[in-house]
Amino acid sequence: MIKGFAMLKIGSVGIIEKDHLEEVTTGNKIVCGPFDAIVRPIAVAPCTSDLHTCYEGGIGERTNMFLGHEAVGEILEVGNLVKDFKVGDKVIVPAITPNWNALEAQRGYAQHSGGPLSGWKFSNFKDGVFAEKFHVNDADGNLAHLPQDVPAIEAVMLCDMVTTGFHCAENAEIKPGETVAIIGLGPVGLMACAGANAMGASEIYAVDCVDFRYEVANKHYGATHYVNFSKAPFQTQILELTKGRGVDKVLIAGGGLTTIGEACECVVNGGIVSNVNYLGHGENITIPRLAWNVGMGHKTVKGGLTPGGRYRMEKLARLLQTKKLDVKPIITHKLEGKFEEIAQSLAMMKDKPANFIKPAVSIKW
């Protein structure tokens, strides 16, 4: 039997036991194939997308599916054709685990291997990492060695928060000296801020309504201006602060169906709006006609799922090793234990206590 913390159905979660790991959309049993690995988590973290999945039905109904897609772990088993990993290795497990022999991977979009967003397997259509063990396909391509000098509870931020935030900045093609707005200062938004700062952004307009989050963005990740959207529409404030010009790039890590359109109102002609926000409900994204300059303003809107893979994870891990990136400020709540603590950490994501950004759980076996 395998014990874990699961989505029981939309609106309901709990700790359950299952006979085997499975692809929950098909009911097929998952085994360790020749290129695969079985991993036990040693540090995990919940994500806002877990909330969208569980409580909004963002990907549809799922029954008795182990949750979670952010983990650092220890390898329990490897397939006989795995070359670079062995039992006992400590590994970083990306949230996105593509099939690297897929045509989409050869096109440069491995995260969509097998179909749209299908590189996102854990707690989407396959049992996730909040369990006593979990399965990783294409181990040589999807696992990354955990450096000895990087704590597991910090490395787990690389799995999704860092890579997604940096991907948002990368998709915006930020050039040195450009002005950037960041919408939403959760952990992904803060990592988008860090990414924009590393890419040379000059002024960074950080949009949120929680003063504490801006203090973190300003002190640690390069934000220069605070735009509190509870006081007035953020696009109005940005236009006022920039004397009507707007910003070169807008990075969206939070908001709703109208946020992309609102971002178009304050990005310059020729600018880029880059979205990594998971839109978990609703039907249509709205972009006002005039905000897009009646369709001819050379304003580009991009939406992207972060890449996965060993190469990217090991690059990002080097940022922690060299102290070029510090993720400790976004881990505001550290827990230690097993599944009850995972449940508590997900409840924190939902309830958001004071001075909260991101919880993480060290698993004790």
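Visitor: Is D248 buried or exposed, going by relative accessibility?
Guide: D248 has 12% relative accessibility, so D248 counts as buried. Buried means under 20% relative accessible area, exposed over 50%, partly exposed in between (1.4 Å probe, protein chains only). This is a predicted model: local features need pLDDT of at least 70, side-chain atom pairs need pLDDT 80 or more, and totals for chains, interfaces and linings use all residues. Residues are numbered from 1 along each chain as its sequence is written, and side-chain values use heavy atoms, without hydrogens and water.

Visitor: Which side chain meets D248 in a salt bridge?
Guide: R245, at 2.7 Å, N to O. A salt bridge puts a side-chain nitrogen of Lys or Arg within 4 Å of a carboxyl oxygen of Asp or Glu. R245 counts as partly exposed because its relative accessibility is 47%.

Visitor: How many salt bridges does the structure hold?
Guide: 13. One of them pairs D127 with K18 at 2.9 Å, N to O. D127 sits in the loop between α2 (103–106) and β9 (134–136) and K18 in strand β2 (residues 12–18), so the pair ties together parts 109 residues apart in sequence. Helices here are DSSP runs of H or I, at least four residues, and strands are E runs of at least two, numbered from the N terminus. Both D127 and K18 are buried.

Visitor: Switching topic. What is the angle between α5 and α6?
Guide: About 50°, with the axes 7 Å apart. Axes are lines fitted to C-alpha atoms, for helices over the stretch in contact, and angles run from 0 to 180 degrees between N-to-C directions.
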